[in-house]
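User: Could you take a close look at one single part of this model for me? I'd like to know where it sits and what lies around it.

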Amino acid sequence: METSKQLQPIKVLLVEDDEADVELIRETLLDSKISLKLDIVNDGVDAMRYLSQKDKFSDAMLPDIVILDLNLPRKDGREVIIEMKSEPHLMNIPVVVLTTSDAETDIVRMYDAGVNCYVTKPFGLEQFQNVVKAVEKFWMTVVKLPEMK
Amino acid sequence: MVSAQTIAPFNILLVEDDPADVELTLDTLEQSKILVHIEIANDGIAAWEYLNSIGANNGKTKPDLLILDLNMPKMDGRELLEKIKTRPELRSIPVVILTTSDAEIDIIRTYNLGASCYVTKPIGLEEFTKVVNAIQEFWFTIVKLPPR
(Lines give C-alpha, C1' and ligand atoms only; values in the text may rest on other atoms or scores of the structure.)
Protein backbone atom coordinates (compact mmCIF):
# COMPACT_ATOMS: atom_id res chain seq x y z
CA MET A 1 0.00 0.00 0.00
CA GLU A 2 2.73 2.36 1.05
CA THR A 3 4.84 1.81 -2.04
CA SER A 4 1.97 2.01 -4.49
CA LYS A 5 1.01 5.32 -2.96
CA GLN A 6 4.47 6.77 -3.23
CA LEU A 7 4.86 5.84 -6.87
CA GLN A 8 2.00 8.15 -7.66
CA PRO A 9 2.79 11.86 -7.65
CA ILE A 10 1.03 13.76 -4.89
CA LYS A 11 -1.81 15.80 -6.35
CA VAL A 12 -1.75 19.39 -5.13
CA LEU A 13 -4.38 22.00 -5.84
CA LEU A 14 -3.11 25.54 -5.39
CA VAL A 15 -5.80 28.21 -5.08
CA GLU A 16 -4.10 31.56 -5.44
CA ASP A 17 -4.91 34.71 -7.41
CA ASP A 18 -1.68 36.65 -7.10
CA GLU A 19 0.45 35.90 -10.16
CA ALA A 20 3.77 36.51 -8.50
CA ASP A 21 2.81 34.27 -5.57
CA VAL A 22 1.61 31.53 -7.94
CA GLU A 23 4.92 31.63 -9.75
CA LEU A 24 6.98 31.52 -6.60
CA ILE A 25 4.96 28.74 -4.99
CA ARG A 26 4.93 26.74 -8.22
CA GLU A 27 8.67 27.00 -8.74
CA THR A 28 9.43 26.18 -5.13
CA LEU A 29 7.13 23.16 -5.03
CA LEU A 30 8.37 21.75 -8.30
CA ASP A 31 12.01 22.37 -7.46
CA SER A 32 12.18 19.45 -5.05
CA LYS A 33 12.70 15.71 -5.11
CA ILE A 34 9.10 15.13 -4.16
CA SER A 35 7.06 14.00 -7.11
CA LEU A 36 3.90 16.02 -7.37
CA LYS A 37 1.27 17.03 -9.84
CA LEU A 38 0.29 20.64 -9.36
CA ASP A 39 -2.89 22.23 -10.63
CA ILE A 40 -3.61 25.89 -10.13
CA VAL A 41 -6.88 27.81 -10.02
CA ASN A 42 -7.16 31.51 -9.39
CA ASP A 43 -10.35 31.98 -7.45
CA GLY A 44 -12.77 30.24 -5.13
CA VAL A 45 -15.42 29.59 -7.75
CA ASP A 46 -12.96 27.67 -9.89
CA ALA A 47 -11.65 25.88 -6.81
CA MET A 48 -15.13 24.53 -6.04
CA ARG A 49 -15.72 23.66 -9.71
CA TYR A 50 -12.41 21.81 -9.77
CA LEU A 51 -13.23 19.93 -6.57
CA SER A 52 -16.68 19.03 -7.90
CA GLN A 53 -15.27 18.11 -11.31
CA LYS A 54 -17.62 20.52 -13.03
CA ASP A 55 -17.45 22.35 -16.36
CA LYS A 56 -13.92 22.61 -17.70
CA PHE A 57 -12.68 20.57 -14.73
CA SER A 58 -14.63 17.43 -15.57
CA ASP A 59 -11.34 15.50 -15.86
CA ALA A 60 -9.91 16.80 -12.59
CA MET A 61 -9.00 14.27 -9.93
CA LEU A 62 -9.53 14.99 -6.28
CA PRO A 63 -6.32 16.48 -4.87
CA ASP A 64 -4.41 14.93 -1.98
CA ILE A 65 -3.94 18.37 -0.50
CA VAL A 66 -5.14 21.93 -1.12
CA ILE A 67 -3.05 25.05 -0.60
CA LEU A 68 -5.49 27.89 -0.24
CA ASP A 69 -5.18 31.66 -0.20
CA LEU A 70 -7.92 33.50 1.71
CA ASN A 71 -8.42 36.73 -0.17
CA LEU A 72 -9.57 35.64 -3.58
CA PRO A 73 -11.86 37.12 -6.24
CA ARG A 74 -15.42 35.86 -6.80
CA LYS A 75 -15.46 33.48 -3.85
CA ASP A 76 -12.91 33.84 -1.11
CA GLY A 77 -10.97 31.13 0.64
CA ARG A 78 -13.04 31.37 3.79
CA GLU A 79 -16.13 30.29 1.88
CA VAL A 80 -14.18 27.56 0.09
CA ILE A 81 -13.12 26.04 3.42
CA ILE A 82 -16.63 26.11 4.82
CA GLU A 83 -18.02 24.48 1.67
CA MET A 84 -15.28 21.87 1.53
CA LYS A 85 -15.62 20.89 5.15
CA SER A 86 -19.36 20.41 4.81
CA GLU A 87 -19.04 18.11 1.77
CA PRO A 88 -18.55 14.49 2.85
CA HIS A 89 -16.33 13.65 -0.12
CA LEU A 90 -14.16 16.74 0.32
CA MET A 91 -13.96 17.14 4.08
CA ASN A 92 -11.01 14.82 4.58
CA ILE A 93 -8.76 16.58 2.06
CA PRO A 94 -6.18 18.49 4.08
CA VAL A 95 -6.30 22.24 3.52
CA VAL A 96 -3.28 24.40 4.23
CA VAL A 97 -4.15 28.08 4.35
CA LEU A 98 -1.36 30.25 2.95
CA THR A 99 -2.28 33.89 3.23
CA THR A 100 -1.00 37.38 3.96
CA SER A 101 -3.71 37.82 6.58
CA ASP A 102 -2.56 37.40 10.14
CA ALA A 103 -5.80 38.74 11.58
CA GLU A 104 -6.72 36.78 14.69
CA THR A 105 -10.32 36.59 13.57
CA ASP A 106 -9.21 34.81 10.40
CA ILE A 107 -6.95 32.42 12.29
CA VAL A 108 -9.61 31.43 14.83
CA ARG A 109 -12.37 31.30 12.28
CA MET A 110 -10.41 29.11 9.91
CA TYR A 111 -9.36 26.62 12.58
CA ASP A 112 -12.97 26.48 13.75
CA ALA A 113 -14.06 25.84 10.17
CA GLY A 114 -11.69 22.88 10.08
CA VAL A 115 -8.61 24.11 8.25
CA ASN A 116 -5.70 21.75 8.79
CA CYS A 117 -3.11 24.44 9.33
CA TYR A 118 -2.80 28.17 8.92
CA VAL A 119 0.39 29.63 7.52
CA THR A 120 1.10 33.28 6.76
CA LYS A 121 3.12 34.44 3.78
CA PRO A 122 6.21 36.09 5.18
CA PHE A 123 7.81 39.17 3.65
CA GLY A 124 10.86 38.54 1.54
CA LEU A 125 11.41 36.13 -1.28
CA GLU A 126 13.71 33.79 0.57
CA GLN A 127 11.51 33.57 3.66
CA PHE A 128 8.52 32.89 1.45
CA GLN A 129 10.38 30.08 -0.32
CA ASN A 130 11.43 28.62 3.01
CA VAL A 131 7.85 28.56 4.22
CA VAL A 132 6.64 26.86 1.04
CA LYS A 133 9.46 24.32 1.34
CA ALA A 134 8.58 23.67 4.96
CA VAL A 135 4.91 23.13 4.06
CA GLU A 136 5.90 20.77 1.27
CA LYS A 137 8.36 18.82 3.37
CA PHE A 138 6.02 18.39 6.32
CA TRP A 139 2.84 17.58 4.43
CA MET A 140 4.37 15.47 1.73
CA THR A 141 7.07 13.55 3.57
CA VAL A 142 6.07 13.44 7.26
CA VAL A 143 2.28 13.36 7.16
CA LYS A 144 0.10 10.50 5.94
CA LEU A 145 -2.39 12.00 3.53
CA PRO A 146 -5.73 10.32 3.00
CA GLU A 147 -5.87 8.27 -0.14
CA MET A 148 -8.20 9.99 -2.57
CA LYS A 149 -10.38 7.81 -4.70
CA MET B 1 8.56 36.83 14.22
CA VAL B 2 9.94 33.59 15.52
CA SER B 3 11.81 35.19 18.38
CA ALA B 4 8.71 36.90 19.72
CA GLN B 5 6.88 33.61 19.56
CA THR B 6 9.50 31.65 21.42
CA ILE B 7 9.44 33.83 24.53
CA ALA B 8 6.52 31.97 26.08
CA PRO B 9 6.69 28.20 25.95
CA PHE B 10 4.25 26.38 23.72
CA ASN B 11 1.87 24.20 25.64
CA ILE B 12 1.56 20.65 24.40
CA LEU B 13 -0.82 18.02 25.63
CA LEU B 14 0.64 14.63 24.81
CA VAL B 15 -1.92 11.84 24.96
CA GLU B 16 -0.07 8.55 24.85
CA ASP B 17 -0.30 5.33 26.83
CA ASP B 18 2.97 3.65 25.86
CA PRO B 19 5.61 4.59 28.48
CA ALA B 20 8.53 4.18 26.07
CA ASP B 21 6.87 6.40 23.48
CA VAL B 22 6.03 8.99 26.15
CA GLU B 23 9.64 9.03 27.27
CA LEU B 24 11.05 9.32 23.78
CA THR B 25 8.59 11.98 22.66
CA LEU B 26 9.19 13.97 25.83
CA ASP B 27 12.98 13.80 25.52
CA THR B 28 12.88 14.84 21.90
CA LEU B 29 10.51 17.75 22.48
CA GLU B 30 12.47 19.01 25.45
CA GLN B 31 15.85 18.85 23.73
CA SER B 32 14.77 21.23 21.02
CA LYS B 33 15.54 24.96 20.94
CA ILE B 34 11.81 25.55 20.83
CA LEU B 35 10.58 26.07 24.36
CA VAL B 36 7.71 23.80 25.30
CA HIS B 37 5.65 22.94 28.33
CA ILE B 38 4.31 19.43 28.13
CA GLU B 39 1.39 17.83 29.92
CA ILE B 40 0.94 14.11 29.62
CA ALA B 41 -2.25 12.10 29.72
CA ASN B 42 -2.07 8.34 29.43
CA ASP B 43 -5.50 7.73 28.03
CA GLY B 44 -8.46 9.55 26.54
CA ILE B 45 -10.27 9.92 29.85
CA ALA B 46 -7.31 11.55 31.56
CA ALA B 47 -6.92 13.91 28.58
CA TRP B 48 -10.62 14.76 28.58
CA GLU B 49 -10.50 15.48 32.32
CA TYR B 50 -7.49 17.73 31.82
CA LEU B 51 -9.18 19.62 28.98
CA ASN B 52 -12.27 20.11 31.12
CA SER B 53 -10.34 21.46 34.07
CA ILE B 54 -8.43 24.17 32.22
CA GLY B 55 -8.55 27.29 34.31
CA ALA B 56 -6.66 30.46 34.98
CA ASN B 57 -6.07 29.66 38.63
CA ASN B 58 -5.09 26.03 38.70
CA GLY B 59 -2.07 26.11 36.40
CA LYS B 60 -3.82 23.95 33.84
CA THR B 61 -3.26 25.77 30.60
CA LYS B 62 -5.05 25.34 27.33
CA PRO B 63 -2.77 23.42 25.01
CA ASP B 64 -1.53 25.08 21.83
CA LEU B 65 -1.25 21.66 20.27
CA LEU B 66 -2.41 18.15 21.01
CA ILE B 67 -0.32 15.15 20.09
CA LEU B 68 -2.69 12.23 20.14
CA ASP B 69 -2.18 8.49 19.96
CA LEU B 70 -5.10 6.46 18.63
CA ASN B 71 -4.98 3.11 20.38
CA MET B 72 -5.27 3.67 24.09
CA PRO B 73 -7.10 2.09 27.00
CA LYS B 74 -10.36 3.42 28.44
CA MET B 75 -11.07 6.11 25.87
CA ASP B 76 -9.20 5.87 22.62
CA GLY B 77 -7.91 8.70 20.47
CA ARG B 78 -10.75 8.56 17.95
CA GLU B 79 -13.35 9.07 20.64
CA LEU B 80 -11.39 11.85 22.32
CA LEU B 81 -10.93 13.64 18.99
CA GLU B 82 -14.63 13.45 18.33
CA LYS B 83 -15.43 14.90 21.76
CA ILE B 84 -12.90 17.74 21.36
CA LYS B 85 -14.32 18.76 18.02
CA THR B 86 -17.83 19.09 19.42
CA ARG B 87 -16.69 21.60 22.04
CA PRO B 88 -16.56 25.18 20.73
CA GLU B 89 -13.86 26.27 23.16
CA LEU B 90 -11.61 23.31 22.32
CA ARG B 91 -12.23 22.62 18.67
CA SER B 92 -9.74 25.13 17.31
CA ILE B 93 -6.79 23.40 19.04
CA PRO B 94 -4.80 21.63 16.32
CA VAL B 95 -4.60 17.88 16.86
CA VAL B 96 -1.66 15.93 15.47
CA ILE B 97 -2.31 12.20 15.35
CA LEU B 98 0.82 10.19 16.17
CA THR B 99 0.13 6.50 15.98
CA THR B 100 1.46 3.14 14.87
CA SER B 101 -1.70 2.53 12.85
CA ASP B 102 -1.40 3.13 9.15
CA ALA B 103 -4.81 1.67 8.41
CA GLU B 104 -6.50 3.66 5.67
CA ILE B 105 -9.74 3.63 7.65
CA ASP B 106 -8.04 5.36 10.59
CA ILE B 107 -6.45 7.95 8.32
CA ILE B 108 -9.71 8.83 6.55
CA ARG B 109 -11.80 8.70 9.70
CA THR B 110 -9.57 10.93 11.79
CA TYR B 111 -9.27 13.53 9.02
CA ASN B 112 -13.05 13.45 8.77
CA LEU B 113 -13.29 14.00 12.51
CA GLY B 114 -11.10 17.08 12.17
CA ALA B 115 -7.57 15.91 12.94
CA SER B 116 -5.09 18.50 11.68
CA CYS B 117 -2.63 15.94 10.44
CA TYR B 118 -1.94 12.25 10.65
CA VAL B 119 1.56 11.01 11.33
CA THR B 120 2.61 7.40 11.79
CA LYS B 121 5.26 6.39 14.29
CA PRO B 122 8.15 5.08 12.28
CA ILE B 123 10.12 2.05 13.37
CA GLY B 124 13.51 2.89 14.81
CA LEU B 125 14.58 5.37 17.41
CA GLU B 126 16.28 7.80 15.10
CA GLU B 127 13.37 7.93 12.69
CA PHE B 128 10.94 8.44 15.55
CA THR B 129 12.99 11.35 16.86
CA LYS B 130 13.08 12.92 13.41
CA VAL B 131 9.33 12.74 13.07
CA VAL B 132 8.76 14.33 16.48
CA ASN B 133 11.26 17.07 15.63
CA ALA B 134 9.52 17.68 12.32
CA ILE B 135 6.15 18.05 14.07
CA GLN B 136 7.58 20.46 16.62
CA GLU B 137 9.40 22.56 14.06
CA PHE B 138 6.50 22.77 11.65
CA TRP B 139 3.79 23.56 14.15
CA PHE B 140 5.78 25.99 16.28
CA THR B 141 7.87 27.87 13.73
CA ILE B 142 5.89 27.75 10.48
CA VAL B 143 2.24 27.56 11.45
CA LYS B 144 0.14 30.34 12.98
CA LEU B 145 -1.59 28.70 15.90
CA PRO B 146 -4.91 29.95 17.17
CA PRO B 147 -4.46 32.68 19.78
CA ARG B 148 -4.80 31.56 23.38
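Analyst: C117(B) counts as buried because it has 24 C-beta neighbours inside 10 Å; a residue is called buried if 20 or more other C-beta atoms lie within 10 Å of its own, exposed if 12 or fewer, and partly exposed in between, with C-beta atoms placed from the backbone. Please keep in mind that this is a predicted model, in which local features need pLDDT of at least 70, side-chain atom pairs count only at pLDDT 80 or more, and totals for chains, interfaces and linings use all residues. Residues are numbered from 1 along each chain as its sequence is written, while chains are lettered from A and ligands numbered from 1 in the order in which they are written.

C117(B) belongs to strand β5 of chain B, residues 117-120. Helices (H or I, at least four residues) and strands (E, at least two) are DSSP runs, numbered from the N terminus. Once neighbours within four places in sequence are set aside, the contacts of C117(B) are P94(A), N116(A), V143(A) and V96(B); a contact means that two C-beta atoms, placed from the backbone, lie within 7 Å. V143(B), by comparison, is 26 residues from C117(B) in sequence and 13 Å from it in space, C-alpha to C-alpha.

That brings us to the wider meeting of the two chains. Here 23 residues of chain B are in contact with 24 residues of chain A. On the chain B side, the elements that give two or more residues are α5 (104-113), β5 and α6 (125-142), and α5(B) supplies the largest share, 5 residues. By type, this side of chain B divides into 14 nonpolar, 5 polar and 4 charged residues. Nonpolar covers Ala, Val, Leu, Ile, Met, Phe, Trp, Tyr, Cys and Pro, charged covers Asp, Glu, Lys and Arg, and polar covers the others, Gly among them.

Over in chain A, helix α5 (residues 104-113) has D106(A), I107(A), M110(A), Y111(A) and A113(A) as its buried residues. They lie on the same side of α5(A), because they cover an arc of only 160 degrees around the axis, the arc being that of the directions from the helix axis to the C-beta atoms. The buried residues of α5(A) pack against α4 (77-85), β4 (95-99) and β5 (117-120) of chain A. E104(A) and T105(A) are exposed, on the face of α5(A) turned away from its buried side. After α5(A) comes G114(A), with a positive phi near 105 degrees.
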